[in-house]
Amino acid sequence: MIYLNGDFMPLEEARIPVLDRGFIFGDGVYEVIPVYSHKPFRLAEHLLRLQHSLDGIRLQNPHSDDEWSRLVEQIIVRNESDDQYLYLHVTRGVAKRDHAFPKGVMPTVFIMSNPLLAPPREWLVNGVAAITASDNRWLRCDIKAISLLPNVLLRQMAVDAGAVETVLLREGFMTEGAASNIFMVKNDTLLAPPKNHLMLPGITYDVVLELAAAHNVPHEVRAISEYEVRTAQELLLTSSTKEIMAITHLDGKPVGDGKPGSMFALLHQLYQNYKTTIMRG
Ligand code: PDD
């Protein structure tokens, strides 16, 4: 079951007018929220980021946080899986095609749920391959916009190369992945690029840094150069759907010794423990 503009219905019955500005212009924002054992993970943080994205595109939030929470709860109970990922999407609504904002139009609100599947075991055991590419996106990557054409093209480059993710480089520095945040390890220290307008402020990214701080894992938030990425001891990717994974090959070359490293093992374990405590609480 999905939610669309006030009603719950089977996905097959959901209809959007072709003049929806999401369809015509990609004029909207979205969130992806993991659900573990029927509990949304870091909902408040996801709703805060949604507000940031809506502010970024100057679209009024159609719901209060309480209303969003209730909608999220209802979608979760209407879907069977214990673990789900929610896709929540707001567009500027339906209007005659004109780039400028329409007046007096209701935003379109859509929420769907899909089963959240654990990543293939092979990815956890051996890590995944990534490629690099030049980050040719716009300068507001902090907005989680539904207009994802650059991300789509960049990630397809990875798939075409038999890899899982594309690590993006802009002016000699690493920004993030096409659909994930990227961490690296140097001298046994976890390094993360600072949040700015060139990357999405990942919810998983925050969790990983909080866990590192809470467990005295040496870590630093600072700009990461392309050279450092290419000579990293370990590379990690994080996202709501992939959690935390080791990148063990970059552009066909092994990262470190080409196997998931000890920082990955530690953070992955801490992340799993953290999820369990949250689910119990
Ligand atoms: N993508 N950077 C980009 C460009 C992303 O698309 C994502 C997540 C992230 C990680 O953010 P978070 O930890 O909050 O999921 C970083 C989602 C999963 C998607 O578009 O499907």
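On a 1 Å grid over the protein atoms alone, a cavity is a set of points where a 1.4 Å probe fits but cannot get out, and a pocket is an open set with protein on both sides within 12 Å along at least five of seven lines; lining residues have an atom within 4 Å of a point. This is a predicted model: local features need pLDDT of at least 70, side-chain atom pairs count only at pLDDT 80 or more, and totals for chains, interfaces and linings use all residues. Residues are numbered from 1 along each chain as its sequence is written, and side-chain values use heavy atoms, with hydrogens and water left out.

**Ligand shell**
- Ala, Val, Leu, Ile, Met, Phe, Trp, Tyr, Cys and Pro count as nonpolar, Asp, Glu, Lys and Arg as charged, and the others, Gly among them, as polar.
- Helices (H or I, at least four residues) and strands (E, at least two) are DSSP runs, numbered from the N terminus.

- Tyr-30 places a polar side-chain atom 2.6 Å from a ligand oxygen atom.
- Glu-176 has a side-chain N or O atom 2.6 Å from a ligand nitrogen atom.
- Ser-180 uses its backbone: an N or O atom there lies 3.5 Å from a nitrogen atom of the ligand.
- The protein covers 89% of the 480 Å² of accessible area that the ligand has on its own (Shrake-Rupley method, 1.4 Å probe).

**Largest pocket**
- Its volume is about 960 Å³. A volume is the space filled by probe spheres set on the points, with grid points joined across faces, edges and corners.
- The lining counts 41 residues, and Tyr-30, Lys-144, Leu-148, Asn-151 and Ala-178 lie nearest the centre.
- Helix H2 (43-56), strand E5 (84-91) and helix H5 (149-160) are among the elements that each supply at least two lining residues.
- H5 gives the most, with four residues.
- The lining has 18 nonpolar, 14 polar and nine charged residues.

**Second largest pocket**
- This pocket has a volume of about 210 Å³.
- Its lining includes Arg-170, Glu-171, Phe-173, Met-174 and Thr-175.
- E9 provides the largest share of that lining, three residues.
- Eight of the lining residues are nonpolar, two polar and two charged.

**Cavity**
- The structure holds one cavity of 30 Å³ or more.
- About 40 Å³ of space lies in the largest cavity.
- Gln-233, Glu-234, Leu-235, Leu-236, Ala-246, Ile-247, Thr-248, Val-255, Lys-259, Pro-260, Gly-261 and Phe-264 form its lining.
- E13 and strand E14 (243-250) each supply at least two of the lining residues.
- The lining divides into seven nonpolar, three polar and two charged residues.

Conventions:
Polar contact = N/O pair within 3.5 Å; in protein donor to acceptor, adjacent residues only side chain to side chain.
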